[in-house]
Amino acid sequence: FNWFAADDITRDQGEALSIRQMIAHMIAEYHIDPTRVFVNGLSAGGAMTMVMLATYPEVFAGGAVIAGLPYGTATSVGAALQRMRGSGLPDGPALAELVREAARDFPGGIVVAVDARDGFVATKGWADVSTVEVIDMARRFEDAGVAALLFTDV
């Protein structure tokens, strides 16, 4: 996926539009309940999941991003490679703003998963780029409009 290319991560353009059209086709062709459509992805698929949740929030009942980078944090191949190495990511407040923007548009709200054993998983990467403790980052997520914090032991 070109999860970093502006033409592919904008609503009604490129790969995001293509994926949206595939979803619409599946819903129509197989009589799928449109309120039960979820999206998830791993790595580049996780980054593209972020694209889909950011550009078509009304399409999904929910989504899960596994090891994907936040939407809009890279706009070129070079920047994408830097972000995957952990370089040049926005700081904690900027990442919280990305969550705030997504939570505002996502009809079901956003749930942040946190591993109860060590408090990391979903928030560790974000907290690593700032001086914010993980629990403080979780509180910022709540303040930004996150619907729930899900503590897991997986």
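Is F4 buried or exposed, going by its relative accessibility? At 12% relative accessibility, F4 counts as buried, where buried means under 20% relative accessible area, exposed over 50% and partly exposed in between, with a 1.4 Å probe and protein chains only.

## About the model

This is a predicted model, in which local features need pLDDT of at least 70 and side-chain atom pairs count only at pLDDT 80 or more, while totals for chains, interfaces and linings use all residues. Residues are numbered from 1 along each chain as its sequence is written, and side-chain values use heavy atoms, with hydrogens and water left out.

## The aromatic pair

W3 is buried as well, with a relative accessible area of 7%. Rings of Phe, Tyr and Trp (its six-membered ring) pair if their centres lie within 6.5 Å; planes under 30 degrees apart count as stacked, over 60 as edge-to-face and the rest as tilted. By this rule the count comes to 1 aromatic pair. W3 and F4 form that pair, edge-to-face, with 5.4 Å from centre to centre and 85° between the planes.

## Helix α1

Helices (H or I, at least four residues) and strands (E, at least two) are DSSP runs, numbered from the N terminus. Helix α1 covers residues 14–30, and its 17 residues should span 24 Å at 1.5 Å a residue; the end C-alpha atoms are 24 Å apart, which agrees. The expected span is 1.5 Å times one less than the number of residues.

The buried residues of α1 are A16, I19, I23 and I27. Seen down the helix axis, they fall within an arc of 80°, so they line one face of α1; the arc is that of the directions from the axis to the C-beta atoms. An α-helix has 3.6 residues a turn, so residues three or four places apart point the same way. The buried residues of α1 pack against α2 (44–55). After α1 comes H31, whose phi is positive, near 50°.

## T49 in helix α2

T49 sits in helix α2 and is buried, with a relative accessible area of 2%. Leaving aside neighbours within four places in sequence, T49 is in contact (heavy atoms within 4.5 Å) with V39, N40, G41, A64 and V65.

## The salt bridge

A salt bridge is a side-chain nitrogen of Lys or Arg within 4 Å of a carboxyl oxygen of Asp or Glu, and the structure holds 1. E58 forms a salt bridge with R11, the closest N and O atoms being 2.8 Å apart. E58 lies in the loop between α2 and β2 (62–66) and R11 in the segment before α1, so the pair ties together parts that are 47 residues apart in sequence. E58 counts as partly exposed at 46% relative accessibility, and R11 counts as partly exposed at 38%.
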